[in-house]
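Colleague: I'm new to this model and would like to learn how to read its features one by one. Could you walk me through it?

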Amino acid sequence: MLQLLTDEKSVKVMQNAFNRFAFHEIFARQCSPEQASDLLGMQSHYPGVFYPDSGWIHPRSVVETCLGHEGVESVFGCRLVDLRREKDVWVLHTSQGSRSADCVILASGSLDETLNRRFGLPIRPVKGQVTHLDEASVAEPLRMAVTHAGYSSPAAGGRWVSGATFEAPDMGIQLSIQGHAANLQHARQALPNWLSSKAEEYFEEHPESGRIAFRPTTPDHLPIIGPVADTDFMHEAYFSQSHTHAVYRYPEQRYLPGLYVSNGHGARGLMSVFLAAEILAAEIDGEALPLPLSLYQATHPARFQIRHWRSGQMQD
């Protein structure tokens, strides 16, 4: 994979990273515009960073592999109607009947607003449209995946994909010519020789060639991972008290037994959800956490309410 640095901010961020850390060239190496062009086999006007051992994956295949595990039972087209704690178990009332479980993980993404609001999860959906390209839309194939203001990559079935837009607060589910145009503009800026001259015309006639999804984002752009706090206890122990006392004067947080969350993974969920699963497995089994306590606290489900209270802005 090649990361093209298409603006001054990204150049400064990457230079700072290389100055702070001694990256071995096997992992990552900086490239001039000429070196980037040689790697791509086509012209680029931007410097970049090349990751020799990286690559692209087919997201659907990752999901299907996970769901195909012998310990997983998948139920599709099933809507959660209600979730209640009854006799030491969680009862899930769904459109396909009721199920019970000792442990439940809320991983509903951005579109179940009722569920997210009920458990204090400030999830905001951000629409993204990707553009699917066929052979007629490109002048020559890409040798590798490329990130720029967006990204352009080989895709399954001998096709290519470029994207993706950020269209908050738009919640429309129809693919748009405007979305395709934005994706193609970013691709042309970074890879001026990649697309064919007729690419825009193709999408004016075939706007359906793409996909729309909604990223679950959070106010601080970090995911929400961990046990769900007992809201009634928080109000009694924290929010009804002064926020100015020393931390040791407050009782330890209490949680709803057997209820956890993994959400808010934004645009990089295929990287963070696996670490989230390790964190939750450690929580549930009472094992040591696989990350530093500071990072655990930074992704804690109750952090937004606690921060608001500690700032002195919470009203009774």
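**Strands and their partners**

Modeller: Let's begin with a pair of residues: Ile105 stands opposite Tyr260 in β14. This is a predicted model, in which local features need pLDDT of at least 70 and side-chain atom pairs count only at pLDDT 80 or more, while totals for chains, interfaces and linings use all residues. Numbering starts from 1 along each chain as its sequence is written, and side-chain values use heavy atoms, with hydrogens and water left out.

Colleague: How many bridges join β7 to β14, and do they run parallel or antiparallel?

Modeller: Two strands pair if DSSP finds at least two bridges between them. Here strand β7 (residues 104–106) and strand β14 (residues 255–263) run parallel and are joined by 3 bridges. As for the labels, helices (H or I, at least four residues) and strands (E, at least two) are DSSP runs, numbered from the N terminus. β14 also pairs with β13; that pair is antiparallel, with 5 bridges. In that pairing, Gly226 has Val261 of β14 as its bridge partner.

Colleague: What joins β5 to β6?

Modeller: A hairpin does, through 2 residues. Strand β5 (residues 89–94) runs antiparallel to strand β6 (residues 97–101), and 5 bridges link the two. To find the pairing on screen, look for Val91, whose bridge partner in β6 is Ser100. In a regular strand, side chains alternate between the two faces of the sheet.

Colleague: With which residue does Arg99 form a salt bridge?

Modeller: A salt bridge is counted when a side-chain nitrogen of Lys or Arg is within 4 Å of a carboxyl oxygen of Asp or Glu. Arg99 forms one with Glu73, and their closest N and O atoms are 3.6 Å apart. Arg99 belongs to strand β6 and Glu73 to the loop between α3 and β4, so the pair ties together parts that are 26 residues apart in sequence. A search of the whole structure finds 10 salt bridges.

**Backbone details**

Colleague: Which residues does a cis peptide bond join, with omega of about -10°?

Modeller: That bond lies between Gly163 and Ala164. Ala164 is in the loop between β11 (159–163) and α5 (177–190). Another cis peptide bond joins Ala168 and Pro169, with omega of about 0°, and Pro169 is likewise placed in the loop between β11 and α5.

Colleague: Which residue has a positive phi although it is not a glycine?

Modeller: Lys87 does, with phi of about 50°. You will find Lys87 in the loop between β4 (80–86) and β5.

**Spaces in the model**

Colleague: How many cavities of 30 Å³ or more does the structure hold?

Modeller: On a 1 Å grid over the protein atoms alone, a cavity is a set of points where a 1.4 Å probe fits but cannot get out, a pocket is an open set with protein on both sides within 12 Å along at least five of seven lines, and lining residues have an atom within 4 Å of a point. The structure holds 1 cavity of that size. The largest cavity has a volume of about 50 Å³ (points are joined across faces, edges and corners, and a volume is the space filled by probe spheres set on them).

Colleague: Which residues line the largest cavity?

Modeller: They are Phe119, Val228, Ala229, Thr231, Met234, Pro301, Ala302 and Gln305. β13 (224–229) and α7 (231–239) each supply at least two residues of this lining. By class there are 6 nonpolar, 2 polar and no charged residues (Ala, Val, Leu, Ile, Met, Phe, Trp, Tyr, Cys and Pro count as nonpolar, Asp, Glu, Lys and Arg as charged, and the others, Gly among them, as polar).

Colleague: Which residues lie nearest the centre of the second largest pocket?

Modeller: Look for Tyr238, Gln253, Tyr255, Gln297 and Ile306, which belong to a lining of 18 residues. The elements giving two or more residues to this lining are α9 (293–298) and α10 (303–310). α10 provides the largest share, 5 residues.
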